[in-house]
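Hi,

Here is the model I promised to pass on.

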Amino acid sequence: MSSLRNAIPRRAHKERAQPQARKKFGLLEKHKDYVLRAKAFHKKEEALRKLKEKAANRNPDEFYFKMVNTRSVGGIHRPQSEANKYTPEELMIMKTQDIGYVLQKVQSEKKKIERLTSMLHTLDSQPPNNHVYYCEDREEAKEVRLRISGPSKSPTLENVPGRIKKKTAASYKELEERKKRVQELEKLHADMALQKELQKSGHKRKLREDEIVTPTTKPVYKWRPERKR
């Protein structure tokens with residue numbers, strides 16, 4: 001019986017139509033539509049209740065700087081524009097401080113690169129043996145020569161432990177990353193220095209490609225010479 005009941009197709013529920021006199025108001029809403037509308041209404045009602053409670057319990061002596069730094073436009077609080085917050089002199093000082101910080105990071109990274117480069121060395125490049133042996137006779141000299149020319153017990157790449165190999169590989173990877181970081185910081189420093197120079201007073205213009213002596217992908221500017229008093 002259950003299989004027969006499942007086999008029978010169910011009829012699609014249709015919206016209830018309005019009477020002829022109320023057709024202009026559209027179809028009657030379902031219960032799920034009423035539930036959504038009721039939830040939205042109660043949510044707004046709760047928000048208004050909380051706002052009224054905050055307004056009733058507010059401290060009349062409290063003060064926020066946004067009360068002075070904002071203004072109401074169409075009932076919405078909008079902060080004041082900070083476009084001209086700093087003077088050109090203050091902007092120039094901040095730009096100089098930023099350039100100094102970037103330059104300091106470049107120097108710090110270069111010192112770390114020098115330290116890493118001095119620490120790292122290849123295992124197969126062994127220092128030359130410059131020991132001087134003193135022998136009393138020829139027989140002793142032959143024994144010393146045979147002992148020196150024998151198999152070397154110095155460590156090679158094959159008998160180095162795996163953990164040391166991993167540490168060495170990680171150090172070389174860190175060295176490459178630091179070199180790349182130095183290049184990026186130097187490029188950033190050059191761009192910031194150019195922007196700082198462009199903010200200074202004086203007549204300047206950007207050179208065309210045919211006016212540039214050394215081809216480069218970066219923009220080149222030329223300042224008009226001014227006679228100093």
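By class, the contact between α4 and α6 has 13 nonpolar residues (Ala, Val, Leu, Ile, Met, Phe, Trp, Tyr, Cys and Pro), twelve charged (Asp, Glu, Lys and Arg) and five polar (the others, Gly among them). Their axes come within 9 Å and cross at roughly 160 degrees; axes here are lines fitted to C-alpha atoms over the stretch in contact, with angles running from 0 to 180 degrees between N-to-C directions. The two helices are therefore roughly antiparallel (over 145 degrees; under 35 is roughly parallel, 65 to 115 roughly perpendicular, the rest oblique). Helices are DSSP runs (H or I, at least four residues), numbered from the N terminus.

One caveat before the side chains: this is a predicted model, where local features need pLDDT of at least 70 and side-chain atom pairs count only at pLDDT 80 or more, while totals for chains, interfaces and linings use all residues. Residues are numbered from 1 along each chain as its sequence is written, and side-chain values use heavy atoms, leaving out hydrogens and water.

Now the charges. I counted salt bridges as a side-chain nitrogen of Lys or Arg within 4 Å of a carboxyl oxygen of Asp or Glu, and that rule gives six. One of them pairs arginine 178 with glutamate 109, with the closest N and O atoms 2.9 Å apart. Arginine 178 sits in α6 (residues 162-199) and glutamate 109 in α4 (residues 88-119), so this pair ties together parts 69 residues apart in sequence.

Are these two partners buried or exposed? Arginine 178 is buried at 14% relative accessibility, and glutamate 109 is buried at 4% (buried is under 20% relative accessible area, exposed over 50%, partly exposed in between, using a 1.4 Å probe and protein chains only).

Glutamate 109 also meets arginine 181 in a salt bridge, at 3.3 Å from N to O. Arginine 181 is in α6 as well, so that pair bridges 72 residues of sequence. Arginine 181 is partly exposed, at 36%.

Lysine 110 and glutamate 186 form another salt bridge (3.1 Å, N to O), linking α4 to α6 across 76 residues. Lysine 110 is partly exposed at 39%, and glutamate 186 is partly exposed at 36%. Finally, shared partners join Glu109, Glu174, Arg178 and Arg181 into one salt-bridge network.

Cheers
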